[in-house]
There are 4 protein chains.
Amino acid sequence: MTKIGIIGATGYVGAELLRLLLSHPKVEIAALSSVSFEGQEISNVYKNFLNKTNLVCETAEDVIEKSDVIFTALPHGLSEDIAKKAIDSNKICIDMGADFRLSNEEEYELWYGKKFTQPEIHASSIYGLPELNRAKIKECSLIANPGCYPTTIELGLMPLLKNSLIKLDNIICDSKSGTTGAGRGLTLNTHFPEENETFAPYKVGAHRHTPEIEETLSVMAKEKVNVTFTPHLLPINRGILSTIYCSTKDTVNLEEIHKLYVAAYKDEPFVNVLPLGEIASIKNVRLTNDCHISLHLNHRKDQIIVVSTIDNMVKGAAGQAIQNMNIILGFEETDGLNLIAPAF
Amino acid sequence: MTKIGIIGATGYVGAELLRLLLSHPKVEIAALSSVSFEGQEISNVYKNFLNKTNLVCETAEDVIEKSDVIFTALPHGLSEDIAKKAIDSNKICIDMGADFRLSNEEEYELWYGKKFTQPEIHASSIYGLPELNRAKIKECSLIANPGCYPTTIELGLMPLLKNSLIKLDNIICDSKSGTTGAGRGLTLNTHFPEENETFAPYKVGAHRHTPEIEETLSVMAKEKVNVTFTPHLLPINRGILSTIYCSTKDTVNLEEIHKLYVAAYKDEPFVNVLPLGEIASIKNVRLTNDCHISLHLNHRKDQIIVVSTIDNMVKGAAGQAIQNMNIILGFEETDGLNLIAPAF
Amino acid sequence: MTKIGIIGATGYVGAELLRLLLSHPKVEIAALSSVSFEGQEISNVYKNFLNKTNLVCETAEDVIEKSDVIFTALPHGLSEDIAKKAIDSNKICIDMGADFRLSNEEEYELWYGKKFTQPEIHASSIYGLPELNRAKIKECSLIANPGCYPTTIELGLMPLLKNSLIKLDNIICDSKSGTTGAGRGLTLNTHFPEENETFAPYKVGAHRHTPEIEETLSVMAKEKVNVTFTPHLLPINRGILSTIYCSTKDTVNLEEIHKLYVAAYKDEPFVNVLPLGEIASIKNVRLTNDCHISLHLNHRKDQIIVVSTIDNMVKGAAGQAIQNMNIILGFEETDGLNLIAPAF
Amino acid sequence: MTKIGIIGATGYVGAELLRLLLSHPKVEIAALSSVSFEGQEISNVYKNFLNKTNLVCETAEDVIEKSDVIFTALPHGLSEDIAKKAIDSNKICIDMGADFRLSNEEEYELWYGKKFTQPEIHASSIYGLPELNRAKIKECSLIANPGCYPTTIELGLMPLLKNSLIKLDNIICDSKSGTTGAGRGLTLNTHFPEENETFAPYKVGAHRHTPEIEETLSVMAKEKVNVTFTPHLLPINRGILSTIYCSTKDTVNLEEIHKLYVAAYKDEPFVNVLPLGEIASIKNVRLTNDCHISLHLNHRKDQIIVVSTIDNMVKGAAGQAIQNMNIILGFEETDGLNLIAPAF
């Protein structure tokens, strides 16, 4: 059994990762850390772990020492130093924060307000979207696990971009996320009576996932891509659905594009291209590592609408991190991730 | 007191209209009709009316006879004949269905699968968006009350279109509605366990509100407008929010456009243009006749994002119908509509 | 127009009171206060007030000076001094907190951890349950507005207790409340992802409303009453429903008891005893000052089940406070409270 | 691999059973049946099964023929004949409906309006509450899987009843269930806009689970037990929580009773008695086969409050059925049921 450590285990992403890894057939959790709850049993912080694990929160140092694979689930800016230590000790590090997602330090500074603290290890990190970078991930020991919104958009657009079918200056991503994406920190926006029975966008034109989306789409297109990205907050717990509007270079033949998508993803264990006529819905991916994609026409002839949905906590965070680990360690890619969404 | 009749009082729109009119200072409800519940007290169908009214559901004929103003809240195709009778008896008719919303019979047939049954009265009907057609509404006795989605989009875009600031071939309307928009009819999509905790678009590229939106926007622009319109279903009861993406002809000066909106709507009792930096949210318009609009920039310089939100049952249906009635009868436009959203 | 002041206007109860009073035909809001938001417009704190009022938060002193009737919506322990000042200035004070609800200082100290700070004014205060104390309220200038849970239970049991029909040592009140009852303060329990899709009791056997319920029921019974009271938190915004189990002294004749209830409440504008066979439901009282009561038999012959429901923010707080004000000022008791629940 | 069949696979209980069994390590699904969807792929009825299984709905006869263990998930009254055929073919039958839950035919007729159609096989059936009947279940081939509400109440009270600690004529069970308990059939009560943001009891004093609860509690007490049972509908998908009020024969020593519960359930894989001071909550058992029980005192000295919660679709239906199958087949009792609740 490979020994796993989770740094930042008491945030939502850390807790979800723990939940999933406790059912993984080939790993064991060696240690957890939490600054806020050091010394406490995790089942005291999250009651769902009662009688499921006796693990106690330790320090980050303890976790690095005891583990072969280290997952970091920390606010941005706090993973770099830990990753450095992990790499220096020949461990694998999978960062679920934003520290290694942008390759360009200036862009990072622009959006996150700080420079890289460990610039020398950035070059060796790989953006952990398996459908794009599987071969590189296999050889890598420092993974930048993708953001939740970007995962929906990047998987939703990859076949169009790789085949140069759409215009790169008119991509509109209207994305909607459940509240777990905002984490466990208390805010008025996520106070139940304020968030229940309402809906609104937030950070319009200013969300930090924008440069990540643009960088990855540009890699796919081999050209600079600009997107309009608007996140909205849904009064549900889990799930992201992105409705993506693209202008095509030619008149759309939806059946051909659908075939292209089916072919592009036919060997992917977690990406399902729905039959034409069906519409992707959050409920069918909830609590799974799956991404569902549906393709649609408007009556305009040079536009395609892509609907792409995932569970933000699984394929959008902890599940994709496990998928990356499975690839690196040579496990079955679906180990620990054979999940079926509850129908209700 | 003006005598009011509601035909189709036991659907959601009819019931909401009744609720609002019972508090209107200048009218009294003379009669209600319902095919399914004829002979029953409305408070037996909707328990919220217990001890609030003793009205009993009668026939449509009874309603026409007893009322000065007749509101029709019927499935499409059923209002035309009633409107004809009402007009012939010199009554006012406000149709909350789709029968008179499209001026073009071919377009109507294309989307609704039938021809006009009373073609001669269509010419005298007015599209009841007061912010666009107030003067005409005043002189009219047959109102086509706007659809819920169209109201958000039309109010959201009117100043841009009237001032020819945006391109007419690249308008994208990503709209999200609460479940009351689907009405009282039972469907699997609105079965609680199926709709709760999920989110998805529906009728992508094929919703019947599309031609209504395009016709009205074209009137505003004095040119043919095409829109991409995607409706989504939110797991909440009330409210619609549309996120609208427009390509501008010139580089956007957001402050100037904001001034334009403020000026355009400064005398409108129900349209609020939010200060720059704020974001429109369903909760602040819920249970009111208000429309909140906020304006946003992306980093693209030739695009503006408009967020427009209403309560689909009030400004999107029953409230706007009352507003039209107030205008026709020479009442204060806000009579019966001085509503403040519950903060929670 | 009577001049009204609200002290503590930015908590949920204060904001709800403001919303309701802005539609009251016979009063005007003279001033608001808030410690946290002094100097700010209330519409900046609660966006639903945008364009509905320009009121700015002032100090408590300002409010007392400018107003004839002062409502206090404060955490327990903070209303006494303000009430003293108001009384000394010959103003009317309606306290929506707990400071004057218990007549017994020892009981108060036991549950609230402090003694009365203005013991001399307690004797002149009246518990503001109009259905019990209307005559006394009329003559009073210091009202202890009832708690939300107690209102459901007291109205639910009054006819049984006044007629000595039930045993006083075996009353079980299983109560469920929406989240607005917990107020605007941020807690993990009311963090959306933690409260959504779950349900649990809280403070079992230890909720501060217990002594208030017992004192008032004892007044009704003219004998000491003990209750078992268990509050639960519902994942909805508004509404309380109490399911109350009573052992009767004799075999139950449900029709006779129903007649007794109907007679007891026949002149009450806000209490509706449902026909036998119907079941009270939160949705029919939401956003109103109404209390719905339904009566039920189990197969046990010496037990009656009473279901009693209100909107916790209206009849359970701000609405009942207005009802008390209307009584004191000689207005129609329903002024500003002619509200019909939205059916959906 | 043992061959499994599900009769009635397209109802909520059948679909949940399929979801869970697809991850069971020691069985394979041989066949499904559905009257309404015969001939269709189950993934066409429930989209969450897309790419998870290709199973097609067949007839009940097909299922019986192809399977070693047959689960019936049918409306009451339809399982008896199928069970007869299964038994006659030496198969195991686990009925998730009500047909075999009551041993007394008169009681059954009273509540279900019909007599037993296969009276001779009733004697060989066992009530499948493993914590009560494990030894008998092991030897049995016809299981009456318990109802959802009864499971919470029976597990919640078993230690008190077996030790004769409470009075048997004053047990009050106030139970609250998510909407999946009502199944997939469309009703106005479970129409989203009608059920969202509300709460109410239903079938007060008249729910069919009452005789099942009373029969099983009587077995535990070895004496006739009567309960007051009130079900309520929660606006959530999953979970039941029962708040149970018992009068004790002596003054309560909560710590001793807690010890008794801990001892009673210490070898039970799915029943967790929470530490004193904690309160059971639906969210910690959601999507698991666990039952959480917490014990509480009121200030009354002769009363104990038990809070008991399960996921109605798992321990309350499909999960418990699998637990019964595991026992009969000699598997680990937790096979396929090692589930951890999502924390959010």
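Student: How many helices and strands are there in chain A?

Tutor: This is a predicted model, so keep that in mind. Chain A has 12 helices and 14 strands.

Student: How does the radius of gyration of chain A sit against the globule rule?

Tutor: The radius of gyration is 20 Å, close to the 20 Å that the rule gives for 344 residues, so chain A is as compact as a globular protein of that length.

Student: And what does the C-alpha trace of chain A span along its principal axes?

Tutor: About 60 × 45 × 40 Å.

Student: What percentage of the residues in chain A is buried?

Tutor: Buried residues are 67% of the 344. Buried here means under 20% relative accessible area.

Student: What about the accessible surface of chain A?

Tutor: The surface of chain A comes to about 11,300 Å². Carbon and sulfur atoms hold 49% of that area.

Student: How many positive and negative side chains does chain A have?

Tutor: There are 32 positive and 43 negative ones. The centres of the two sets are 3 Å apart.

Student: On to sheets. In what order do the 7 strands of the open sheet in chain A run?

Tutor: The order is 9-10-8-11-14-13-12, with mixed pairing. Strand 9 (200-201) and strand 12 (271-273) of chain A are at the edges. Each has a single partner strand, so one side of each has no neighbour in the sheet.

Student: What holds paired strands together?

Tutor: Strands of a sheet pair through backbone hydrogen bonds, either parallel or antiparallel.

Student: In which sense do strand 11 and strand 14 of chain A pair?

Tutor: Antiparallel, over 8 bridges. Strand 11 covers residues 240-247, and strand 14 covers residues 303-310. One bridge pairs Thr243(A) with Val307(A).

Student: Switching to chain D. What order do the 7 strands of its open sheet take?

Tutor: In chain D the order is 3-2-1-4-5-7-6, and the pairing is parallel. The edge strands are strand 3 (57-58) and strand 6 (126-127), which each pair on one side only.

Student: How many bridges join strand 1 and strand 2 of chain D?

Tutor: They run parallel and are joined by 6 bridges. Lys3(D) has Glu28(D) as its bridge partner in strand 2. On to strand 3: 2 bridges join strand 2 of chain D to strand 3 of chain D. Ser33(D) stands opposite Glu58(D) there.

Student: Why is strand 2 of chain D called largely enclosed?

Tutor: Of its 7 residues, 5 are buried, so the rest of the structure largely encloses strand 2 of chain D.

Student: What about strand 1 of chain C, and why is it called largely enclosed?

Tutor: In strand 1 (residues 2-7) of chain C, 5 of the 6 residues are buried, so it is largely enclosed by the rest of the structure. Strand 1 of chain C pairs with strand 2 (residues 27-33) of chain C in the parallel sense, over 6 bridges. Thr2(C) stands opposite Val27(C).

Student: Last topic, backbone angles. What is phi of Asn90(A) near?

Tutor: Near 65°, a positive value in a residue other than glycine. Most residues other than glycine have a negative phi.

Student: Where does Asn90(A) lie?

Tutor: In the loop between helix 4 (79-88) and strand 5 (92-95) of chain A. Asn90(A) is exposed, at 73% relative accessible area.

Student: And phi of Asn90(B), what is that near?

Tutor: Near 60°, again a positive value. Asn90(B) is in the loop between helix 4 (79-88) and strand 5 (92-95) of chain B. Asn90(B) counts as exposed, at 74% relative accessibility.

Technical notes:
Residues numbered from 1 in each chain as written. Chains lettered and ligands numbered in written order. Predicted model: local features only at pLDDT ≥ 70, side-chain atom pairs only at ≥ 80, totals over all residues. Heavy atoms only, no water. Helix = DSSP H or I, 4+ residues; strand = E, 2+ residues; numbered from the N terminus. Rg over C-alpha atoms; globule rule 2.2 N^0.38 Å. Buried < 20%, exposed > 50% of the residue type's maximum accessible area, 1.4 Å probe, protein only. Areas by Shrake-Rupley, 256 points an atom, 1.4 Å probe, with all protein chains shown as cover. Lys, Arg positive; Asp, Glu negative; His and termini not counted. Charge placed at Lys NZ, Arg CZ, Asp CG, Glu CD. Pairing = 2+ DSSP bridges.
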